[in-house]
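Have the sequence and the structure at hand as you read.

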Amino acid sequence: MSPGCGMLLDKTPLFEPGLLHELDWSSSTVSFSPPITPSQPGEGLVLRPLCTADFHRGFFKVLSQLTTAGDVTPEQFIKKFEHMKKTGDYYVIVVEDTKLGQIVATGTLITEHKFIHSCAKRGRVEEVVVTDMCRGKQLGKLLVATLTLLSKKLDCYKITLECAPNNVAFYNKFSYSASNETYMQCRFKD
């Protein structure tokens, strides 16, 4: 249904929530103190797939702490959400503070289909951000660990991410290491 036909912002998840409950945490390389997991991310917090109702729960406010999020209408959001859901290659997870009814953290896994490695998939972590008021609660660590394990579950042959030099030590905890490849870009818009 197109946004113009009255589609409501609802709780339909971007991907099957059961995927998050099926992750093999025994293969995680990080520890949490105090212990937290996707099913128990902290008091009053829920880790789950993005849904369209998150538009009004501050999803873009959290993203804007990372980069320019822009002025997005509910219709634009729903259209992009429907596209991402249809492809099945986007796994946007959020942490919601259920007491406030607000999104406080988010991260994205994108799977890319390749011809190399016997037509394998590659995972890419993007847009990991925790709102200022929730930093220090291990949520960034939980997001990266969850997305990393999710890429393994989805049979990606590797997972990559881009990070600033001052964040390298953080990602080393998850068994990420610098590659010989150099990240380059050609920007068309800011």
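Are Phe-59 and Phe-77 buried or exposed? Both are buried, where buried means under 20% relative accessible area, exposed over 50% and partly exposed in between (1.4 Å probe, protein chains only). Please keep in mind that this is a predicted model, in which local features need pLDDT of at least 70 and side-chain atom pairs count only at pLDDT 80 or more, while totals for chains, interfaces and linings use all residues. Residues are numbered from 1 along each chain as its sequence is written, and side-chain values use heavy atoms, with hydrogens and water left out.

Now to the rings. A pair of aromatic rings is described by the distance of the centres and the angle of the planes. Rings of Phe, Tyr and Trp (its six-membered ring) pair if their centres lie within 6.5 Å; planes under 30 degrees apart count as stacked, over 60 as edge-to-face and the rest as tilted. The whole structure holds 12 aromatic pairs. In one of them, the ring centres of Phe-59 and Phe-77 are 6.1 Å apart and the planes meet at 50 degrees, so this pair is tilted. Phe-59 and Phe-77 also belong to one aromatic cluster with Phe-55, Phe-60 and Phe-81.

Another pair to find is Tyr-171 with Phe-174, which is tilted too, with 6.4 Å from centre to centre and 45 degrees between the planes. Both Tyr-171 and Phe-174 are buried.
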